[in-house]
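This report looks at strand pairing, aromatic contacts and one part of the surface. Please keep the sequence and the model at hand while reading.

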Amino acid sequence: ELKLFLEQKTSVQPSMQKLMFKGQLKEDHRTLDDCGVKPGAKLMLIGSTVEQVINVNVVAPTAAQAESSKAEETAASTEQKQHDKIVKLGPPADATPGDATHQLAMQPNLPLGGIYNSRGEKIRLTIKSSITELWVASNTNTQKLPFNSIQDVEVLPIAAHPGYSIVTLKFFGNHRMALYFVPTQYTRSLKSYILGWEGFL
């Protein structure tokens, strides 16, 4: 009865209550009189509410985890703003007409032009299958990217320009390269060459 009374006052369930008197833990089946508790004596209640127990067991994210999550959100937001900036330019005048209804194979050594890089510069993509490289060429330089340096290829259709996609090359070490207005019909073939998928080649 005492523990039920204490539950009303403290919200600590009887099963989670421990009563101490003169440093000794008192057993539930004994009465206060059996324990020598006289009127005016002081008892110590040890216990926690269910909510307190749950809160203790919930693992709060560490400062490093919180910082990492914040950094990822900031990077994603920055990348989206960059995407929006380039997409607003629209396809380059010399872009290959895009087609999302079917897939075509890219021809090795034949440049695919009319594509933007993340700086809004026009570039050309060339598959060099004999030496397993992707060449990304602008008017000023050519980046020769070994296929095995690319960890993954992400393809994101551009909703505002059907038939075209943003292709993001993901390198080991979290480096990324975004290519804008890649004709969608060539994206599967491009991905197949880079990642070594033989089914579409």
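In which sense do E4 and E5 pair, and over how many bridges? The two strands pair in the antiparallel sense, over three bridges, where pairing requires that DSSP finds at least two bridges between two strands. This is a predicted model, in which local features need pLDDT of at least 70 and side-chain atom pairs count only at pLDDT 80 or more, while totals for chains, interfaces and linings use all residues. Residues are numbered from 1 along each chain as its sequence is written, and side-chain values use heavy atoms, with hydrogens and water left out.

Ile 115 has Ile 123 of E5 as its bridge partner, and in the hairpin of E4 and E5, with five residues between the strands, Gly 120 takes a positive phi near 80°. E5 also pairs with strand E6 (residues 133-137) in the antiparallel sense, over five bridges, and Thr 126 has Trp 135 in E6 as its bridge partner. Four residues lie between E5 and E6 in their hairpin, where Thr 132 in the turn has a positive phi of about 45°. Because five of the seven residues of E5 (residues 122-128) are buried, this strand is largely enclosed by the rest of the structure; buried means under 20% relative accessible area, exposed over 50%, and partly exposed in between, with a 1.4 Å probe and protein chains only.

## Aromatic pairs

A search of the whole structure finds two aromatic pairs, a pair being rings of Phe, Tyr and Trp (its six-membered ring) with centres within 6.5 Å, called stacked if the planes are under 30 degrees apart, edge-to-face if over 60 and tilted for the rest. The ring centres of Tyr 116 and Phe 181 are 6.2 Å apart with planes at 75°, so this pair is edge-to-face. Since Tyr 116 lies in strand E4 (residues 112-116) and Phe 181 in strand E10 (residues 176-183), the pair ties together parts that are 65 residues apart in sequence.

The rings of Tyr 164 and Phe 181 are also edge-to-face, because their centres lie 5.8 Å apart and their planes stand at 75°. Tyr 164 belongs to strand E9 (residues 164-171), 17 residues from Phe 181. Tyr 116, Tyr 164 and Phe 181 form one aromatic cluster, with Phe 181 buried at a relative accessible area of 0%, Tyr 164 at 10% and Tyr 116 at 12%.

## Lysines at Trp 135

The charged end of Lys 128 sits over the ring of Trp 135, 4.5 Å from its centre, and Lys 144 lies over the face of Trp 135 at 4.4 Å from the ring centre. Such a placement requires NZ of Lys or CZ of Arg within 6 Å of the ring centre and within 35 degrees of the ring normal.
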